[in-house]
Amino acid sequence: NVSAMDATQMAALTETQLKGLTATQMKGLTETDVGELSATQVGQLSATQLSNLTSTAVSALSDTQVGSLSTTQLKGLTATQLKGLNETDIGELSETQIGVLSSTQLGALTATALSAMDGTQMGALTSTQVKGLTTTQLAGLNETDVGELASTQLAALATTQLAAFSTTSIAALSTTQLSGLTSTQIGGLTATNLSALDATQMGSLSETQVKGLTATQLRSISAT
């Protein structure tokens with residue numbers, strides 16, 4: 001019974017022994033068992049083996065263990081398993097590691113975990129990945145997070161996603177970021193969102209973007 005091993009015994013497992021662990025044995029590992037493995041040992045497990053860990057066991061991985069995962073191992077983790085990663089874990093992922101996550105996997109992260117990404121990590125997100133982010137995740141981003149998104153990434157967002165940004169985040173958008181938005185996206189902003197833009201931001205909107213404003217939005221502007 002692998003789960004019955006103590007810390008010394010777990011640490012003594014060789015690569016060959018680790019690779020021989022069955023799906024049933026992997027599913028039986030507790031958070032304590034996983035915590036007793038070194039980052040090197042975790043890296044020796046196959047993607048299939050890791051995918052058999054319970055979400056509780058995955059959530060027990062240290063930031064060092066998570067940072068040691070290969071791109072193949074990361075791609076093999078389920079959305080449920082990824083949901084267990086916290087902000088410290090996410091902070092350990094490299095730009096390359098972030099880049100291999102599917103939109104479904106990214107969409108499973110908690111809003112707090114997503115917000116923990118730094119500028120390099122946020123900048124590594126592809127348009128496809130950005131499209132997979134939930135409105136809850138986007139609502140959890142602060143002005144610094146939003147400021148780290150390129151205009152091309154913002155342009156990939158659906159109108160409902162963009163409208164999920166807080167007024168503080170909308171107010172923090174640069175004129176360069178705003179210039180990349182489509183008229184449809186501009187037209188999808190709530191009156192509250194739109195009112196958060198200052199005169200400089202409003203003045204930077206192109207004629208095409210202005211034409212996307214709805215009657216309700218125009219009334220809200222004239223009322224302020």
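User: Which residues have the most contacts inside the largest nonpolar core, and how many residues does this core have?

Analyst: A nonpolar core is a set of buried Ala, Val, Leu, Ile, Met, Phe, Trp, Tyr and Cys residues joined through side-chain atoms within 4.5 Å, where buried means under 20% relative accessible area, exposed means over 50%, and partly exposed lies in between, with a 1.4 Å probe and protein chains only. In this predicted model, the largest such core has 54 residues, and those with the most contacts inside it are Leu53, Met117 and Phe165. The elements that give two or more residues to this core are helix H7 (55-59) and helix H14 (111-115). Residues are numbered from 1 along each chain as its sequence is written, and side-chain values use heavy atoms, with hydrogens and water left out. Because the model is predicted, local features need pLDDT of at least 70 and side-chain atom pairs count only at pLDDT 80 or more, while totals for chains, interfaces and linings use all residues.

User: What does Met117 touch, if residues up to four places away in sequence are not counted?

Analyst: Contact means heavy atoms within 4.5 Å. With those sequence neighbours set aside, Met117 touches Ile90, Ile98, Leu106, Leu109, Met122, Leu125, Asp145 and Glu148.

User: How many helices and strands does the chain have?

Analyst: Helices (H or I, at least four residues) and strands (E, at least two) are DSSP runs, numbered from the N terminus. By that rule the chain has 27 helices and 0 strands.

User: What radius of gyration does the chain have, beside that of a compact globule?

Analyst: The radius of gyration is taken over C-alpha atoms, and the globule rule is 2.2 Å times the number of residues to the power 0.38. For 224 residues a compact globule would come near 17 Å, but the chain has 22 Å. Along its principal axes, the C-alpha trace spans about 70 × 25 × 20 Å. Of the 224 residues, 38% count as buried, and among contacts between residues at least 6 apart in sequence, 77% join residues at least 24 apart.

User: Which residues line the largest cavity?

Analyst: A cavity is a set of points, on a 1 Å grid over the protein atoms alone, where a 1.4 Å probe fits but cannot get out, and lining residues have an atom within 4 Å of a point. The structure holds 1 cavity of 30 Å³ or more, and the largest has a volume of about 30 Å³, the volume being the space filled by probe spheres set on the points, which are joined across faces, edges and corners. Its lining is formed by Met26, Leu29, Val34, Leu37, Val42, Leu45, Leu50, Leu53 and Leu61.

User: Where is Lys27 found, and why does Lys27 count as partly exposed?

Analyst: Lys27 is found in helix H3 (residues 23-27), and Lys27 counts as partly exposed because its relative accessibility is 49%. Leaving aside neighbours within four places in sequence, Lys27 is in contact with Asn52 and Thr54. The C-alpha atoms of Lys27 and Thr120, 93 residues apart along the chain, are separated by 34 Å.

User: Where is the place of Asp198?

Analyst: Asp198 is placed in the loop between H24 and helix H25 (199-203), and Asp198 counts as partly exposed at 41% relative accessibility. Although Asp198 and Ala172 are 26 residues apart in sequence, they are 9.8 Å apart in space, C-alpha to C-alpha.

Conventions
On a 1 Å grid over the protein atoms alone, a cavity is a set of points where a 1.4 Å probe fits but cannot get out, and a pocket is an open set with protein on both sides within 12 Å along at least five of seven lines; lining residues have an atom within 4 Å of a point.
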